[in-house]
Amino acid sequence: MATKKHTGQDLQLDKDQLKASIVRHLRSTLGTSEQKASPDAWWKATAAAVNEQVYERLTRTQQTHFKKDTRAIHYLSAEFLMGRLTSNNLHNLSLYKVCEEALADLGLDLTDLCEQEPDMALGNGGLGRLAACFIDSLATLNYPAVGYGIHYEHGLFRQEIQDGRQIERPDSWREYGNPWEICRPESVQEIPLYGYVETVFGDNGGLKKVWHAGRKIKGVPWDIPVVGFGGHTVNILRLWESRASEFFDWDVFNAGGYVNSQAEKAQAETISKVLYPNDETDAGKELRLIQQYFFCACSIKDIMRRYKRAHGNDFSQFAAQIAIQLNDTHPTVAIPELMRVLVDEEGLNWDSAWSICYHVFSYTNHTLLPEALEKWSVHLFEKVLPRHLEVIYEINARFLDELVEPKWPGNDAIKAKLSIIEEGAVRKVRMGNLCVIGSSKVNGVAEIHSKLVKEDLFPEFAQLWPEKMCNVTNGVTPRRWLLACNPELSALYDDAVGNTWPLALDKLREVVKSADDPQFQQKFMAIKRRNKEKLVKVIKAETGIEVSAEAIFDVQIKRLHEYKRQQLNLIHIMALYRRLLTNPDYQMHPRVFIFGSKAAPGYKLAKDIIYAINKLADRVNNDTRIQGKLKVVFMPNYRVSLAEKLIPAADVSEQISTAGYEASGTGNMKLALNGAVTIGTLDGANIEIAEEAGAENCAIFGLNVDEVKTLKARGYNPYDFYYGNSELKAVLDWFDTDYFTPGRPGELAAIKHSLLEGGDPYLTLADFHSYSEAHKLIDTWYRDPALWARKAIINSATMGKFNSDRSIQDYVDRIWKLTNCNVG
Ligand code: KOT
């Protein structure tokens, strides 16, 4: 029988069909009517109508992948910061316009409807958002891929600001149901924990290890379809939810312990309850290790199940069919887990199992910060995962004997450094070392970062395996970060270069030739202006602060961390304010400084910086003496959906980390793509952004990586800069007064303290002067509208490299070696 070739065309809906489908779902899925339906019901009915399309394409994708039995990538990440999915899915299915018209017929506005959707905030920041962009690109490029993660009941906390301070509130993204997820009870897994290991005789007479679990937890998969742009491939993001398994429930129950069984049930459900809110710090908590093991073990079982469906117990094809990417060290325990499954459960010998593991795994490093490098106490490992600790010891012993000893005979110092086990009062398992040893490729996320991973973080590993270390510069999906969030600029680009740019962002380079064309400039800047006017309304609604779209919108949006240096921005705004107060003629174009940032709940200084920004805002925004030249806005609850409103309206992008500390950054790419000019250090991907846009189109300042190292080696003394710059001294001394906290002097003193007595570890004071000069340059540029328009256009038009499709293609070529699979 001839098989019908699908093109996807047969699925296209017109306006009336979609409208009918929405109304049908409103009635039959939501159980309401056009007269009574709430905005939430309309949103869910719309999603249900769209899902008819999604599911059909998902089924076709899965059938094709199964039939062709192609190699697939499995992206393991503790975080996927998806944001909202409605407009994204509509765009990727080419249904956005159709849906807009269908809803208009029903008297509804699609933009308003999209506001009904809670953000899926299952991540902290850059690492989680990168994972979300990557699965979009994988589906778009038709690569067979599964994202695996944790189905947190509560994502990253919701931030409220009360009297200037951050208050954390629980996030409940699925409290009233989420139409984009599908529960898959048929693929539930059971996961062992705790207990002990027994050595027994195996069938072949040899010894074998048996892990007797102390507890078993059920892993329930929830699938989020990931629709590629064009709608051909629909992959899945599979998130695991923990539940109590019958295994221990019944044991305790039969012993008469109904209450205990309920308590254990609650404990089991705690595992996927909440996302740890610490970005780039290692909490070292038992529950976190269990979270990591839980989702890795579920995922490995799922991968095994699918492999065996095609290949039975023949593992010779496993490494050819399966690639697993570890998104930082959080899923490292997948390595000893796969070893345990292959050796203990499938009966492979150690060497065959190791060869499979080594070829299957690759590891991406996202930070060099020492406090983020995960280490688990051996004691904790032994308690929670006794068999895995044995496996790790075995991996370590073989590595030290077979690789380190021959290369550096008798060198105990190097052995101690490279060992997976850190010796000391508390012995620890170093997850980074385990990742490097158990992976065939290790990559950093921008050129400079990958160089530092190789030269500073893992130099001896790089000597052992020079081919293992590589770079894949990060990227962002242009579908969300231009097409969906900036419809007017997208339309301008459609007119200028045709509508293929969402798949080929390099196309935008053609626009560079129009950068000096007054007509094009006028159109480009008018769009920016309208985006700013929209943001003016959002700012008013969210904070009550009135700002003018006439001003320069200067934006710093990212997690709060000393290395990202929001404090540098803060003290520079204070300096500007002081200049305006002391010299009423001080020349500057009006400026609005906009911040969006969450601090880890336990990070005291970060929370103090948020407080200081808000107190500065109170004072500056209400000071009539400065005639509205300066405004400061702290936007509460920074998240993906807010970023989508801020980024299209930004004139200036603040990327001011201490050189050597920001691995890559991805907000820098999104802002430049939307026409913001970067003020930034030569750090992370800023370097590559300046290469693409031309250094003359960015305001680069500050010490570079080598200069930071030299200054630190020489002995940095922040007092040199404090006493050497009277303006800086006056600004820092302001923190001791009650100028910004009337009646409460010294409330902000901790910030000054960290910059002086605290040693200013991130060299804020050393870079202050240069930062201030760069801001003067920005001001001069902006006051020449044609010059500014030129820079803004060139920045936007030259960001093609930072398409996450390019990043994925680099992963495919350098690491995964996949072939794409057309679904039709
Ligand atoms: C968090 C905890 C442990 C280890 C690393 C992290 C981490 C790193 N979280 N986010 N990052 C960021 O990752 C982004 C994507 O690669 C980078 O652009 C950014 O520079 C990192 O800070």
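The largest pocket in this predicted model is lined by 30 residues. Those nearest its centre are Tyr96, Thr111, Ala484, Cys485 and Pro487. Seven helices are listed as giving two or more residues each to this lining: helix 3 (86-92), helix 4 (96-105), helix 5 (110-114), helix 19 (478-484), helix 20 (487-497), helix 21 (518-543) and helix 24 (640-646). The volume of the largest pocket is about 860 Å³. By residue type, its lining divides into 11 nonpolar, eight polar and 11 charged residues.

The second largest pocket holds about 640 Å³ of space. Its lining consists of 29 residues, and Gln62, His65, Val146, Arg306 and Arg309 lie nearest the centre. Here both helices and strands give two or more residues: helix 2 (39-68), strand 1 (72-76), strand 4 (145-150), strand 12 (234-244) and helix 9 (286-311). Helix 9 provides the largest share of the lining, seven residues. Sorted by type, the lining of the second largest pocket has 12 nonpolar, nine polar and eight charged residues.

From the pockets we turn to a single helix. Helix 27 spans residues 705-714, and its buried residues are Val705, Val708 and Leu711. Why do these residues lie on the same side of helix 27? They cover an arc of only 130° around the axis, and therefore share one side of the helix. The face turned away from that buried side carries the exposed residues Asp706, Ala713 and Arg714. Among the parts that cover the buried residues of helix 27 are helix 17 (447-457) and helix 31 (764-782).

Just after the helix comes glycine 715, which takes a positive phi of about 100°.

Positive phi values also occur in residues other than glycine. One of these residues is aspartate 163, with phi near 45°. Aspartate 163 sits in the loop between strand 5 (158-162) and strand 6 (165-169). Is aspartate 163 buried or exposed? Its relative accessible area is 52%, so aspartate 163 counts as exposed, the cut-off being over 50%.

Arginine 565 also has a positive phi, near 65°, and is a residue other than glycine. Its place is in the loop between strand 20 (552-557) and helix 22 (566-582). Arginine 565 has a relative accessible area of 0%, so this residue is buried, as the cut-off for buried is under 20%.

Helix 22 itself contains leucine 570. Leucine 570 counts as buried because its relative accessibility is 1%. Which residues is leucine 570 in contact with, leaving aside its neighbours within four places in sequence? They are Ala612, Ile613, Leu616, Phe735 and Ile751. For one of these residues, leucine 616, the separation from leucine 570 is given in two ways: 46 residues in sequence, and 8.4 Å in space from C-alpha to C-alpha.

How values were computed. Residues are numbered from 1 along each chain as its sequence is written. This is a predicted model: local features need pLDDT of at least 70, side-chain atom pairs count only at pLDDT 80 or more; totals for chains, interfaces and linings use all residues. Side-chain values use heavy atoms; hydrogens and water are left out. On a 1 Å grid over the protein atoms alone, a cavity is a set of points where a 1.4 Å probe fits but cannot get out, and a pocket is an open set with protein on both sides within 12 Å along at least five of seven lines; lining residues have an atom within 4 Å of a point. Grid points are joined across faces, edges and corners, and a volume is the space filled by probe spheres set on the points. Helices (H or I, at least four residues) and strands (E, at least two) are DSSP runs, numbered from the N terminus. Ala, Val, Leu, Ile, Met, Phe, Trp, Tyr, Cys and Pro count as nonpolar, Asp, Glu, Lys and Arg as charged, and the others, Gly among them, as polar. Buried means under 20% relative accessible area, exposed over 50%, partly exposed in between (1.4 Å probe, protein chains only). The arc is that of the directions from the helix axis to the C-beta atoms. Contact means heavy atoms within 4.5 Å.
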